Amino acid sequence: MSRPVTLFTGQWADIPAEELFPKVKAMGFDGVELACWGDHFDVQKALNEPGYIEGRWELLKKHGLACYALSNHLVGQAICDLIDERHKSILPDYVWGDGDPEGVRQRAAQELIDTAKAARKFFDVGKEYMATKAAGSGKTVVNGFTGSSIWGALYAFPPTSQEYIQKGFDDFGNRFKPILDAFDKEDVFFALEVHPTEIAFDIVSAQRAIDAVGGHKRFGFNYDPSHLGYQGVDYVKFIYQFSERIHHAHMKDVWWGHGTGEVGVFGGHTDFCDARRYWDFRSVGRGDINFEEVIVALNDTGYNGPLSIEWEDGRMDRFHGATESCAFIKGLDFPRNTVAFDAAFDKSNQ
C-alpha cells in the first residue's frame, strides 16, 4: 500500500476547519497535518476544554480524514530566537505576554511542552478511528521549528569563531533538552523542519543539532527537500544520513536559478514571487526537486509515515495547486517491493 497523502493546514489557517476539511477531502487528500494556529488545533483547549478533542475527531470522521501529526512551528520559532516585533504577529497573546524576550522564550518552551501533552491526549482519543485508516509510522509526532540565536551570524563577518557558533548550539541544547525530556514522558517525537532561520538548516548543522541535545531519542526531523535544494544541499543524501530520525515528511517543491540574476540565494530582501529572485517555492511537481529520487530514498530507508503536502506557490491558486500536488504525489508514490525481482529465475520458486 502506498503512503497516505495529507495536507499541512498551516498555510490554510485563514479558513476555519469546518469549512476547510470538506475541501481537503474534495481535493483528494487522505488526511491532514493539523497546524496549532487558526482554529485547526488549539493546544490549550485540547488540554483544558472538555469535549474539544472529541469534537476535532468527529469533524475529521465526518469528512473521512485521517491525522498523523500536529505542527506548532510558530511557537517553536520563539524558543531560541532573538525576539523582536515580528514574533508578536505569529504568537498567541499569552505566549507573547509583555514581550520581554526571555519571558517570551520561556513561555514558548512551555507551550511546546503543552503541545506534546495535547498530542498524546489527541492521538489516544483517536486511536480507534485511526485503526481504520492507512497505517502511518506508529509514532506520535509534533513537527516544528526551534528558532536560532545565531542565524544572524550566517555569514562570517565580523569574523565569527567556532566558539561563537557553539554558544548558539549550546543555547539550543540547554533550552531543548528539558523540552525533549517532557516529550519523552508523553511518548511523543519532536520533528524539526530543517530550514533557514532554524538551528539546523543543512546536513552539517542538522548533525550538530543532534549532538547539541546529546542524541536525544525524541529529537528528529520533519524532512522537507524544498529548504535544502535551493541552498545546494543534497536533499536525497539527507534522507540516507538521517533515516532513523526522519519522523515525518513534507512534500514541497522549489525552483532555483530561474531569476534575472539580480538576486542571489539569500533573497535580496525581496518578496516571494519577485521575478528577480534566484529561488521561489513552487506547486509540487512544477519545481526542481526530483521527487522520484525522494520517494526511492524514503523507500530504501523504510520511511512509512505520511507524505504531507505543504503547499506554497504565490503564483497559483491554492486550491488548484493543492489538488494537482496531491494527484502528483499519489501518482508518483508506489508500494515497496517485497520480493526480489529476479526471484522467479530460481527453479525452487517456479
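Buried means under 20% relative accessible area, exposed means over 50%, and partly exposed lies in between (1.4 Å probe, protein chains only). This is a predicted model, in which local features need pLDDT of at least 70, side-chain atom pairs count only at pLDDT 80 or more, and totals for chains, interfaces and linings use all residues. Residues are numbered from 1 along each chain as its sequence is written, and side-chain values use heavy atoms, with hydrogens and water left out.

Start at alanine 156. Its relative accessibility is 48%, so alanine 156 counts as partly exposed. Alanine 156 sits in the loop between strand S4 (141-144) and helix H9 (162-186). Helices (H or I, at least four residues) and strands (E, at least two) are DSSP runs, numbered from the N terminus. Phenylalanine 157 lies in the loop between S4 and H9 too. Phenylalanine 157 is exposed, at 64% relative accessible area.

Now turn to salt bridges. A salt bridge is a side-chain nitrogen of Lys or Arg within 4 Å of a carboxyl oxygen of Asp or Glu. The count comes to 21 salt bridges. One of them joins aspartate 14 and arginine 318, at 2.8 Å from N to O. This pair links distant parts of the chain, 304 residues apart: aspartate 14 is in the loop between strand S1 (5-8) and helix H1 (17-26), and arginine 318 is in helix H14 (residues 318-332). Aspartate 14 is exposed at 55%, while arginine 318 is partly exposed at 22%.

Aspartate 124 and arginine 120 both lie in helix H7 (residues 101-125), four residues apart, about one turn of the helix. Their closest N and O atoms are 3.1 Å apart. Arginine 120 is buried, with a relative accessible area of 17%. Aspartate 124 is partly exposed, at 44%.

Lysine 217 lies in the loop between helix H10 (203-212) and strand S6 (219-223), and aspartate 184 in helix H9, so the pair ties together parts that are 33 residues apart in sequence.

What of the cysteines? A disulfide is a pair of cysteine sulfur atoms within 2.5 Å, and the structure holds zero disulfides. The sulfur of cysteine 67 has its closest cysteine sulfur in cysteine 36, 9.4 Å away, which is too far for a bond. Cysteine 67 is buried, at 1% relative accessible area.
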